[in-house]
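Subject: Structure handover

Hello,

My notes on what was found in it follow below.

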Amino acid sequence: MALIKGGRVADDTYVSVADDAALPNAPAIIVSLKRWQAEKAALSASNAAIGVLLPSDTSPDVLKDDLTRLSLVAIAFPTFRDGRGYSWARMLRTRLGFKGELRAVGQVFEDQAFFMSRVGFDSFEPAEGQDLAGFLRALHAFAHVYQPAADKRATILEERAKRGG
């Protein structure tokens with residue numbers, strides 16, 4: 001699967017591990033929320049960087065006490081119509097203060113890329129068949145923004161004030 005990270009196509013250093021699979025000897029793994037909750041102590045004791053896949057129907061509040069132990073939170077988008085992941089991303093970045101990698105996975109399309117980056121996503125697994133060059137261009141689709149967001153870009157009003165206008 002292709003990965004966009006840091007505004008470019010990148011290799012995925014994380015291995016996704018099924019709930020019933022043995023943990024691989026890998027430097028970074030992604031487990032389900034269910035597995036994280038069941039095996040938190042053992043996973044935390046491993047040398048691997050840990051990522052958790054958060055279902056779209058679950059608030060990230062369930063991870064609030066664990067975020068310092070996680071290097072990645074992947075938020076599932078089971079359908080492009082499901083916008084809860086946007087709220088979860090913003091909540092993770094602003095209210096919960098998550099500093100690790102925040103990844104959008106599932107039905108992730110280029111027309112969503114810019115808006116996903118505004119709420120705090122910094123990596124993406126585009127849906128199968130997406131034009132990666134188009135996805136990268138979409139991340140920078142707009143030069144100016146009107147609303148403050150988790151990406152902390154200056155709004156157009158702030159830019160005008162700096163110019164004295």
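The model, which is predicted, holds an open sheet of eight strands with mixed pairing, in the order S2-S1-S8-S7-S6-S5-S4-S3. Its edge strands are S2 (8-10) and S3 (15-16), each of which pairs on one side only. At the S3 end, two bridges link S3 to S4 (residues 28-32) in the parallel sense, and Ser16 has Ile30 of S4 opposite it.

Strand S7, residues 101-106, is mostly covered, with five of its six residues buried. S7 runs parallel to S6 (residues 72-77), and six bridges join the two. Within that pairing, Val105 of S7 stands opposite Ala76. S6 and S7 also belong to a right-handed β-α-β unit, together with helix H2 (residues 84-95).

S7 pairs with S8 (residues 123-124) as well, again in the parallel sense, over two bridges. Here Ala104 has Phe124 in S8 as its bridge partner. From S7 the chain passes through helix H3 (residues 110-119) to reach S8, in a β-α-β crossover that is right-handed.

How much of H3 is buried? Seven of its 10 residues are, so H3 is largely enclosed by the rest of the structure. The buried residues are Gln112, Ala113, Phe114, Met116, Ser117, Arg118 and Val119. Their packing partners are S6, S7, S8, H2 and H4. After H3 comes Gly120, with a positive phi near 125°.

Next, the pocket. The largest pocket has a volume of about 160 Å³. Two residues already listed as buried in H3, Phe114 and Arg118, are part of its lining. By class, the lining divides into seven nonpolar residues, two polar and one charged.

Arg35 is found in helix H1, which spans residues 33-45. Is this arginine buried or exposed? The relative accessible area of Arg35 is 7%, and the cut-off for buried is under 20%, so Arg35 counts as buried. Leaving aside residues up to four places away in sequence, Arg35 touches Val17, Ala18, Asp19, Ala21, Ala22, Leu23, Lys40 and Leu43.

Lys152 is found in the loop between helix H4 (132-138) and helix H5 (156-163). Its relative accessibility is 70%, and the cut-off for exposed is over 50%, so Lys152 counts as exposed. The phi of Lys152 is near 60°, a positive value in a residue other than glycine. Most residues other than glycine have a negative phi.

Regards

Conventions: Residues are numbered from 1 along each chain as its sequence is written. This is a predicted model: local features need pLDDT of at least 70, side-chain atom pairs count only at pLDDT 80 or more; totals for chains, interfaces and linings use all residues. Side-chain values use heavy atoms; hydrogens and water are left out. Buried means under 20% relative accessible area, exposed over 50%, partly exposed in between (1.4 Å probe, protein chains only). Helices (H or I, at least four residues) and strands (E, at least two) are DSSP runs, numbered from the N terminus. Two strands pair if DSSP finds at least two bridges between them. A crossover is right-handed if, with the strands pointing away from the viewer, the path from the first strand over the helix to the second runs clockwise. On a 1 Å grid over the protein atoms alone, a cavity is a set of points where a 1.4 Å probe fits but cannot get out, and a pocket is an open set with protein on both sides within 12 Å along at least five of seven lines; lining residues have an atom within 4 Å of a point. Grid points are joined across faces, edges and corners, and a volume is the space filled by probe spheres set on the points. Ala, Val, Leu, Ile, Met, Phe, Trp, Tyr, Cys and Pro count as nonpolar, Asp, Glu, Lys and Arg as charged, and the others, Gly among them, as polar. Contact means heavy atoms within 4.5 Å.
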